Amino acid sequence: MAKSSAATQARISSAAGQLFAQHGFSRASLRQITKKAGANLAAVNYHFGAKEDLYRQVVLRHVQTINRERVRLLAQAEQLAGDQPVPLRAVVETFVRPLMRHASDPEIGGPPFLRLVARELIEHQPFLREELSSELDPVLERYARVVSQSLPGVSSAELTLRLQFTTGALLHAGVIWHELVQQAQAGHEARDLDVWIRRLVDFCTAGLGAPAGQS
């Protein structure tokens, strides 16, 4: 019974994430979600509550998963650096890798769920705004503090802005992940996640580390 209940909850969450990403919160109906999940409305109410609660849990679950991994990797990088500033490229990799892993693996997320997060950042559902900010802002502030140690000539406000630009670039890359792979030249390297991560890290490191006078 417990396994069946958990499976139903997972199907509803997956279906909701895909439909919210495709249609947005307002246009994706609970009827569509239950049909896609092979569940009924009572199951949605039991596991998640109202439609707003379902949306909130789906969005925050993915944001929290990515942020937890980022914080874990960043802490490791800080430990390796000791009393020295963490190399900028190493910091950027801890920021890039968790999101791209989420984008490339449909079992834990995949492009639909990053599309959902990107849509939320644009549309800003009022009932989620405060909670989403509380999840994102502390992580961005922590990264800004760590990056500032490697870039003492760049102001805190400018670093925060550059991290916002970096986040936008990564969300876009994650959303179109499969298209990027398909457009690349054939071969194993084109499908190698680490190759794409290195390229994104190169790009984002250059943007974050641009001389202050060029901003």
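Leaving out residues up to four places away in sequence, L140 touches F95, L163, Q164 and T167, where contact means heavy atoms within 4.5 Å. This is a predicted model, in which local features need pLDDT of at least 70, side-chain atom pairs count only at pLDDT 80 or more, and totals for chains, interfaces and linings use all residues. Residues are numbered from 1 along each chain as its sequence is written, and side-chain values use heavy atoms, with hydrogens and water left out.

L140 lies in helix 7 (residues 126–150); helices are DSSP runs of H or I with at least four residues, numbered from the N terminus. With a relative accessibility of 13%, L140 counts as buried, a term for under 20% relative accessible area with a 1.4 Å probe, protein chains only. From L140 to G209 the C-alpha distance is 16 Å, across 69 residues of sequence.

T34 has its place in helix 2 (residues 30–37) and is also buried, at 11%. Beyond its neighbours within four places in sequence, T34 contacts A39, N40, L41 and V44.

Neighbours within four places in sequence aside, V96 is in contact with L170, I197, L200 and V201.

Technical notes:
Helices (H or I, at least four residues) and strands (E, at least two) are DSSP runs, numbered from the N terminus. Buried means under 20% relative accessible area, exposed over 50%, partly exposed in between (1.4 Å probe, protein chains only).
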